[in-house]
Amino acid sequence: MASPAKKVRKANFSPAEISVLTEKFEENMDILQSKFTNSMTNAKKNKIWEEISEAVNAVGVTARSTQEVRDKWKNLQSHAKREFSSFKSEQKKTGGGPAPPNP
C-alpha cells in the first residue's frame with residue numbers, strides 16, 4: 001500500500017508581504033469594504049484583490065494565489081479583533097495588579 005504524498009507547505013508570510021498587503025488594502029479600503037451595490041460590483045473587488053496579490057507576489061519569495069492573500073487578510077483582522085477585545089476586557093477588571101500589556 002502506497003502512503004499518500006505529504007503536502008508541501010508554503011513559507012509563512014514575511015513581514016514585507018504583510019506590510020504590502022496592509023498598505024494596498026488601506027489604499028482600496030473604501031471599495032473593498034463597501035456593500036454590494038450597482039456602482040460597486042464584485043468584479044471590481046476581485047480585480048483589486050488580484051492587484052493586491054500581484055503586489056504581494058512581487059515582494060515575496062513564494063507565489064501566493066488571490067484566495068491565499070484574502071485568507072491572510074481575514075486572519076490578520078480576526079487576530080487583531082481578538083487582541084483588542086481581550087485588552088478591553090482586561091482593562092475593565094478591578095482589583096489592582098499590573099496593567100495589561102498594550103496591543
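This is a predicted model: local features need pLDDT of at least 70, side-chain atom pairs count only at pLDDT 80 or more; totals for chains, interfaces and linings use all residues.
Colleague: Are α3 and α4 roughly parallel or roughly perpendicular to each other?
Modeller: Their axes come within 9 Å and cross at roughly 90°. Angles of 65 to 115 degrees count as roughly perpendicular. The two helices, α3 and α4, are therefore roughly perpendicular.

Colleague: Which residues of α4 make the contact with α3?
Modeller: On the α3 side, the contact is made by Asn 46, Trp 49, Glu 50, Ile 52 and Ser 53. By class, this contact has 4 nonpolar, 3 polar and 2 charged residues. From α4 come Thr 66, Val 69, Arg 70 and Trp 73.

Colleague: Are α1 and α3 roughly parallel or roughly antiparallel to each other?
Modeller: The axes of α1 and α3 lie 9 Å apart, and the packing angle is about 150°. Angles over 145 degrees count as roughly antiparallel. Helices α1 and α3 are therefore roughly antiparallel.

Colleague: By class, how many residues in the contact of α1 with α3 are nonpolar?
Modeller: Helix α1 contributes Ala 16, Glu 17, Val 20, Leu 21, Lys 24 and Phe 25. Helix α3 contributes Trp 49, Ile 52, Ala 55, Val 56 and Val 59. The contact has no polar residues and 2 charged ones, and the nonpolar count is 9.

Technical notes: Residues are numbered from 1 along each chain as its sequence is written. Side-chain values use heavy atoms; hydrogens and water are left out. Axes are lines fitted to C-alpha atoms, for helices over the stretch in contact, and angles run from 0 to 180 degrees between N-to-C directions. Helices (H or I, at least four residues) and strands (E, at least two) are DSSP runs, numbered from the N terminus. Angles under 35 degrees count as roughly parallel, over 145 as roughly antiparallel, 65 to 115 as roughly perpendicular and the rest as oblique. Contact means heavy atoms within 4.5 Å. Ala, Val, Leu, Ile, Met, Phe, Trp, Tyr, Cys and Pro count as nonpolar, Asp, Glu, Lys and Arg as charged, and the others, Gly among them, as polar.
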